[in-house]
There are 2 protein chains.
Amino acid sequence: MNKDTLITQIKKKKSFLCIGLDVDLAKIPPHLLAEEDPIFAFNKAIIEATHDLTVAYKPNIAFYEAYGIKGWQALDKTIKYLNSNYPEIFTIADAKRGDIGNTSTRYAKAFFEDLAFDSITVAPYMGKDSVEPFLAFKDKFTILLALTSNVGGLDFQPLKIGETPLYQNVLETSKTWTNAEQLMYVVGATRPEYFKAIRKIVPDHFLLVPGIGAQGGSLEEVCKHGINKDIGLLINSSRSIIYASTEKDFAEKSRHEAQKLKQQMQAYF
Amino acid sequence: MNKDTLITQIKKKKSFLCIGLDVDLAKIPPHLLAEEDPIFAFNKAIIEATHDLTVAYKPNIAFYEAYGIKGWQALDKTIKYLNSNYPEIFTIADAKRGDIGNTSTRYAKAFFEDLAFDSITVAPYMGKDSVEPFLAFKDKFTILLALTSNVGGLDFQPLKIGETPLYQNVLETSKTWTNAEQLMYVVGATRPEYFKAIRKIVPDHFLLVPGIGAQGGSLEEVCKHGINKDIGLLINSSRSIIYASTEKDFAEKSRHEAQKLKQQMQAYF
């Protein structure tokens, strides 16, 4: 998918919501456990209930990997289902990968070609030659961790290199890499005070923003300095949408939660 | 596995070699492609030919993930084969994972419980609460990226926070985390000049050292400042051992290469 297609979808749906498909069998409605593939059954129901409200889905790969081969089969079915039925929707493999050059190419092929995701999250610690192999794939996006929403995000990311915090150095440096226009950045909603400085460095790139909802971030605070001419934000919510209910009405309730967030987004169009 | 068991094995075998099982179907002997599971057939042959020379095996997970469900099946068979036949050998899932707390726990379960690896490599960028979930597993080791062997390793890792390079800050900070004695660190052989400073900060921890062989690092240079009272090093070699030949004699030739490295290690016992 290219950036224009994503922007067109955002403007058409008046939404910049991303739904995190972080499927935990201990949290899904128990009646689904009788299904042949409970993870896929759950995802399919959530997708059917929310696809007109959201512009992106983001499975966190850890949740699938935790179920071994069955988990990978469920992930494969989920991405195929999305790509066949809703090709306009942007898909994010939240994998936080990153390795030396030839190895990153392996990860890129796995997620961009075999699984056919539109994008993947990548950790920056190993630098340029661990990220550029992902950027080499045309019409695929690499979403670099910049400032994460967790408490430990403050351990290293804001430490100052001279006058510049590490996460800003990551933003600045990554802009010089080949195909940098295919970058997006993870910036947690729990740190809205940083968005102003981030937008000075990357005014045009999309930011993937986790941390709304269960983690306590505020949509309004993020939008204040985060939004740009293309909207430029993908606001992720996982648990508060997908686990809105564990009863038979779970899909309907997840739609209700997604609808609430989408309604808050109307003000920005 | 606990640390004493690893040290005992190292002293018994007079080896601190780790063999990287980075299986690329385009590089393995072509006659193996006729096997039902070529990846596992290759790994089994390499393991049979080298298990008395090495103290650890390290599959890089990217290579398995790249083959989708078949790759995961081959990884599962490989780790089961190792754990059944050579339980004394230390196993490393070179996965470079790391995510927010509850998600890291998922990855830890996948690699420590389901696949039953002894250790996993983890990226530090997301800080304490992304690493401690791995450290919570008893008798399992978390191998934190400190100073990597690739060119991009210099993009952020040596940048100075005040007087201290980032990778040293990572070492210092991680020592304060719960169960820090279960940490090991990745330090590339391509940066031997840094080992002295690293050993001042972490005199007792094991260091996993990639970059010998194909990447150009020198065993002697690394040992000069890297070795400690327990040896404290795992020297990884992948390509130069496992791809020593693409003929029918590939396993024998891989043994020959492993033997050469092991012989160089004799001097340190």
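This is a predicted model: local features need pLDDT of at least 70, side-chain atom pairs count only at pLDDT 80 or more; totals for chains, interfaces and linings use all residues.

Trainee: What makes a residue part of the contact between chain A and chain B?
Mentor: Two residues are in contact if their C-beta atoms, placed from the backbone, lie within 7 Å. The contact takes 45 residues from chain A and 45 residues from chain B. On the chain B side, the elements giving two or more residues include helix H4 (68-85), strand S3 (90-97) and helix H5 (101-114); helices (H or I, at least four residues) and strands (E, at least two) are DSSP runs, numbered from the N terminus. H5(B) gives the most, with 7 residues.

Trainee: How do you know how the two copies are related?
Mentor: A rotation of 180 degrees with 0.0 Å of shift along its axis superposes chain B on chain A, with an RMSD of 0.0 Å. The two copies are therefore related as by a two-fold rotation axis. The superposition is by least squares on the C-alpha atoms of residues with pLDDT of at least 70 in both. In chain B, B:Ile161 comes closest to the rotation axis, at 2.5 Å (C-alpha). The same surface serves both copies, as 100% of the contact residues of chain B recur in chain A.

Trainee: Why is the crossing of H5(B) and H6(B) called right-handed?
Mentor: A crossing is right-handed if the near helix is turned clockwise from the far one by less than a right angle, and left-handed if anticlockwise. H5(B) passes H6(B) in a right-handed crossing, and they pack at an angle of about 35 degrees with their axes 8 Å apart. Among the residues that meet are B:Ser104 in H5(B) and B:Pro133 in H6(B).

Trainee: Why is A:Thr103 called buried?
Mentor: A residue is buried if 20 or more other C-beta atoms, placed from the backbone, lie within 10 Å of its own, exposed if 12 or fewer, and partly exposed in between. A:Thr103 has 23 within 10 Å, so A:Thr103 is buried. A:Thr103 is found in helix H5 (residues 101-114) of chain A. Leaving aside neighbours within four places in sequence, A:Thr103 is in contact with B:Asn60 and B:Ala62.

Conventions: Residues are numbered from 1 along each chain as its sequence is written. Chains are lettered from A and ligands numbered from 1 in the order in which they are written. Axes are lines fitted to C-alpha atoms, for helices over the stretch in contact, and angles run from 0 to 180 degrees between N-to-C directions.
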